[in-house]
Amino acid sequence: MSTATTETPNPKPALETQTTAGNYFVSNYPPFSFWKPDYVPGLMEAIERPPEPDTPLGVYVHIPFCRKRCHFCYFKVYTDKDSSEIRAYTSAVRRELETYASKPFIGGRKPNFVYFGGGTPSYLSVNQLRELTDAMKEVLPWDEAEEVAFEAEPGTLTKHKLEAIREIGVTRLSLGVENLDDRILELNGRAHRSKEIKRAYGFAREFGFDHINIDLIAGMLEETEDNWKDVIRQTVDLAPDCITIYEMEIPYNTTIYQRMKAEGKLIAPVADWETKRRWVDYAYKELENAGYTVTSAYTAVKDPEKTKFVYRDRLWEGADLLSVGVASFGHIGGTHYQNHHEFDPYVERVNKDELPIYRALTPSADERLIREFILQMKLGHLSLGYFEEKFGVDSKTRFAEPLQRLKDWGFLTIDGDRLEINREGLLQVDKLLHEFFLPEHLNKRYA
Ligand code: SF4
């Protein structure tokens with residue numbers, strides 16, 4: 001009898017266990033650390049060109065205000081701005097949008113989707129919201145938008161404000177719930193409590209938003225197995241159209257990391273990755289039992305036919321994103337850009353009729369292909385023919401090595417045109433996506 005064993009050509013890598021500091025989530029490509037002020041002229045050229053045929057236009061508006069800074073937050077947010085500063089900001093956003101609206105890249109397009117992110121867009125008062133959105137609609141009308149999405153912190157939502165949010169045309173309301181236990185919310189620096197979540201959710205249902213999403217985070221400070229199960233049970237009872245679950249990461253600019261540094265700790269005081277993956281897996285199984293369908297690494301929806309997430313899907317297919325507001329990230333005519341990340345310089349530059357761009361990058365055709373390929377892999381499946389048609393490249397050949405590795409590790413199958421990532425792969429997809437990066441983009445801090 002032969003004792004020879006068949007060696008796996010690509011042995012499965014050991015999974016990371018403890019949560020250490022750094023970015024896990026891959027939201028764009030090439031990584032942000034490769035975007036440079038020197039490349040801003042590339043954006044200036046892109047806005048002077050007409051759009052590529054059939055490229056949808058989206059608008060993203062960044063509202064950087066929050067009631068409190070959450071301990072795990074890595075966004076640019078302000079908790080100390082008064083109403084006159086907020087008005088100065090929303091006026092600057094309007095002016096920035098006006099500057100872009102006359103540029104050739106618009107090419108007569110109306111926004112296909114609009115997204116209000118932050119920060120906390122629902123921090124704005126009803127009057128501030130109406131003024132801002134009326135002005136935006138004058139500049140770029142939304143009447144053809146398939147989706148208007150709006151992020152909200154439950155504690156900022158009154159019945160009156162939710163009614164106004166619905167009236168301005170929001171179709172997708174995303175509630176930053178994160179957890180339903182008051183002690184955990186408090187310990188993680190959240191401003192809201194469970195009572196406010198339930199009240200806001202009830203009002204939102206009354207006003208008939210097409211699509212209500214609830215965001216959760218697996219692995220917040222002091223999260224336990226029993227509490228997580230209870231959070232999922234309560235979420236199923238609320239029955240939102242969509243549930244988005246992130247695994248807790250600890251980027252360097254979070255308060256949690258600052259505390260770790262001060263105490264000389266390398267391991268974050270949150271659940272390890274294996275536990276977080278197990279919790280997300282549990283959540284998806286429970287949601288599937290309740291009739292939901294898992295539609296990406298992060299989302300489960302009640303009715304996949306009815307509940308689309310246009311903003312995500314268009315971005316992952318290379319749409320233009322005209323992004324306005326401090327520190328916001330956009331993509332126009334093949335060039336990535338980010339705005340100034342400090343409040344006063346941002347407002348000052350806009351008021352001088354200058355575009356407030358901080359850094360940019362024009363990816364090569366190969367980098368654009370990688371970007372769309374890895375972002376669409378987060379859906380758990382993609383069509384190889386799509387990439388052949390769009391980029392004129394056989395992606396099975398271009399990505400032969402990483403695809404083989406993921407197959408050998410048991411995460412990926414290809415059947416004809418369809419590539420699929422199984423659940424085990426999906427639960428750690430952001431880590432696997434690095435296999436597709438160009439060598440020069442590996443081993444950097446992705447910030
Ligand atoms: S509400 Fe969101 S944006 Fe604001 S501090 Fe918390 S995590 Fe950051």
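In helix α2, the residues Tyr89, Thr90, Ala92, Val93, Glu96 and Leu97 are buried (20 or more other C-beta atoms lie within 10 Å of a buried residue's own; 12 or fewer makes a residue exposed, anything in between partly exposed, with C-beta atoms placed from the backbone). Seen down the axis of α2, these buried residues fall within an arc of 155 degrees, so they line one face of the helix; the arc is that of the directions from the helix axis to the C-beta atoms. Please keep in mind that this is a predicted model: local features need pLDDT of at least 70, side-chain atom pairs count only at pLDDT 80 or more, and totals for chains, interfaces and linings use all residues. Residue numbers start from 1 along each chain as its sequence is written.

- Helix α2 covers residues 83–101, where helices (H or I, at least four residues) and strands (E, at least two) are DSSP runs numbered from the N terminus.
- The 19 residues of α2 reach 27 Å from first C-alpha to last, close to the 27 Å expected at 1.5 Å a residue; the expected span is 1.5 Å times one less than the number of residues.
- Turned away from the buried side of α2 is a face that carries the exposed residues Ser83 and Ser84.
- The packing partners of the buried α2 residues are β1 (57–63), α3 (126–139), β9 (320–324) and α11 (343–351); two residues are in contact if their C-beta atoms, placed from the backbone, lie within 7 Å.
- Helix α7 (residues 225–238) has 14 residues and spans 20 Å from its first C-alpha to its last, close to the expected 20 Å.
- Trp228, Val231, Ile232 and Thr235 are the buried residues in α7, and seen down the axis they fall within an arc of 95 degrees, so they line one face of the helix.
- Asp226, Arg233 and Asp237 are exposed on the face of α7 turned away from its buried side.
- The buried residues of α7 pack against β5 (211–218), β6 (242–247) and α9 (273–289).

**Strands and their pairing**

- Strand β3 (residues 147–152) is mostly covered, with six of its six residues buried.
- Glu147, Ala149 and Glu151 point one way from β3, while Val148, Phe150 and Ala152 point the other way, and all are buried.
- In a regular strand the side chains alternate between the two faces of the sheet.
- Strand β2 (residues 113–118) pairs with β3 in the parallel sense over four bridges; strands pair if DSSP finds at least two bridges between them.
- Within that pairing, Phe113 has Glu147 of β3 as its bridge partner.
- A parallel pairing also links β5 and β6, over six bridges, and Leu216 stands opposite Ile245 in β6.
- Five of the six residues of β6 are buried, so this strand is largely enclosed by the rest of the structure.

**Around the ligand**

- The residues around the ligand are Cys66, Arg69, Cys70, Cys73, Phe75, Val77, Gly118, Gly119, Thr120, Glu153 and Gly176; a residue counts as near if its C-beta atom, placed from the backbone, lies within 6 Å.
- This shell divides into five nonpolar, four polar and two charged residues (Ala, Val, Leu, Ile, Met, Phe, Trp, Tyr, Cys and Pro count as nonpolar, Asp, Glu, Lys and Arg as charged, and the others, Gly among them, as polar).

**Backbone features worth a look**

- Most residues other than glycine have a negative phi, and most peptide bonds are trans.
- The peptide bond from Gly118 to Gly119 is cis, with omega near 15 degrees, and Gly119 lies in the loop between β2 and α3.
- Another cis peptide bond joins Tyr29 and Pro30, with omega about -10 degrees; Pro30 is found in the segment before α1 (40–47).
- Asp54, in the loop between α1 and β1, has a positive phi of about 60 degrees although it is not a glycine.
- Asp54 counts as exposed because it has 5 C-beta neighbours inside 10 Å.
- Glu178, found in strand β4 (residues 172–178), is not a glycine either, yet has a positive phi of about 70 degrees.
- Glu178 counts as buried because it has 24 C-beta neighbours inside 10 Å.
- Ala239, which follows α7, has a positive phi near 60 degrees.

**Phe207**

- Phe207 sits in the loop between α6 (194–206) and β5, and with 16 C-beta neighbours inside 10 Å it counts as partly exposed.
- Not counting residues up to four places away in sequence, Phe207 touches Leu162, Glu163 and Arg166.
- Phe207 and Gln428 are 221 residues apart in sequence and 37 Å apart in space, C-alpha to C-alpha.
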